[in-house]
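Have the model open while you read.

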Amino acid sequence: MDRIFSGVQPSGNLHLGNYLGAIRNFVRLQEQYECIYCVVDMHAITVWQDPKELRHNIRELTAAFIAAGLDPTKNVIMNQSQNSHHAELAWIFNCVARLGWLNRMTQFKEKAGKNRENASVGLYAYPNLMAADILAYKATHVPVGEDQKQHLELCRDIAQKFNNDFGVDLFPIVEPLILGPATRVMSLRDGSSKMSKSDPSDNSRINLTDDADAIAQKLRRARTDPEPLPSEPDGLDGRPEAANLVGIFAALADSSVEEVLREHGGSLFSDFKNALTEIAVAKLGPIGAEMQRLVADPAYIDGVLADGAVRARALSEPVMAEVFETVGFVRT
Ligand code: TYM
């Protein structure tokens, strides 16, 4: 049976890339699949998190899931640390994955930067935990943005090696779902780097909590080039900032790059940015407002996470029993 799992880190600054690349697709998929959506707090602490802020960010991300349209009765909405099976399976995967595989992970290299010796062991082993998140539920499909593709390939390698080593057909080989016209939203300040929670410039991203004025200001200041918009997609070649804004527009408008260019080809960026601001405010404004309303009711949010944890454990319990039996652990 098909089952969806995906996760988002509660590391603050939830942005348009997270929404268009991931969360918006989660909402669509809830109609077709059994879905587990996870606030991955254990992943977040692979880099330093202030405990008070972490607690807030876990609740805020849960609120964002619901505000964006995820139904907590239909889906399992949970935070990772409340189901210890993730950590238990991650340990087993630490013993399956090879150092050489992890050494190839570009995200580790980016995040660890020059001071690799000082990165946490958790940051290095992060992709093994990610594989455990997914495979503890035998999930088959994983909606993510483009940047997670390599981690999902590793998840497939881990599943395959586990199955081969033990001569079983226990874990599925997961399929990434990288959907829509904005699978890699770029920084508003630099079309060659990804929109990211950790960019020191808040002007590089639109946060889901930004109000209409902030959205308008950031888009007005977004970097562009002096040419008007082209009428065909190949006119965006070599124009990363223009391609980014058109992709964002297409995703927000539920349209395609072709269609947006058919309508706005020949426009000056000043006009296009006004149209983009209008649609961004119309789509994101209600989500931000609902997030604020929900965050003001932590008892409700905690109730959703408590219910999610119980339902998640019930789903991973039989998988873990099978895993422990396969590995040869004695369970008394
Ligand atoms: P995270 O928290 O960095 O991002 C959450 C989701 O948002 C997508 N995303 C983007 N999409 C388009 N453009 C961008 N600029 C952009 N930035 C982020 C990410 O691809 C992701 O889908 N390792 C994961 C979290 C995770 C996970 C999992 C995901 C942990 N376990 C299991 C899937 C399945 C991460 O750090 O995402």
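A salt bridge here is a side-chain nitrogen of Lys or Arg within 4 Å of a carboxyl oxygen of Asp or Glu. Keep in mind that this is a predicted model, where local features need pLDDT of at least 70 and side-chain atom pairs count only at pLDDT 80 or more, while totals for chains, interfaces and linings use all residues. Residues are numbered from 1 along each chain as its sequence is written, and side-chain values use heavy atoms, with hydrogens and water left out.

**The two domains**

The domain assignment gives domain 1 (3-183 + 298-327) and domain 2 (202-293); such bounds come from an automatic or database assignment. Their C-alpha centres lie 29 Å apart. At the interface, 15 residues of domain 1 are in contact with 16 residues of domain 2, contact meaning heavy atoms within 4.5 Å. About 1400 Å² is buried between the domains, and carbon and sulfur atoms give 72% of that. Buried area is the accessible area (1.4 Å probe) that two parts lose on being put together, summed over both.

**The ligand**

Now for the ligand: 28 residues surround it, the closest being Gln-9, Tyr-126, Asp-133, Asp-147 and Val-185. A residue counts as near if one of its heavy atoms lies within 4 Å.

| Residue | Protein atom | Ligand atom | Distance |
|---|---|---|---|
| Gly-145 | polar backbone atom | oxygen | 2.8 Å |
| Gln-148 | polar side-chain atom | nitrogen | 3.0 Å |
| Met-195 | polar backbone atom | nitrogen | 3.0 Å |

The structure holds 16 salt bridges. One of them pairs Lys-138 with Glu-322, the closest N and O atoms being 2.9 Å apart.

Note on methods
Polar contact = N/O pair within 3.5 Å; in protein donor to acceptor, adjacent residues only side chain to side chain.
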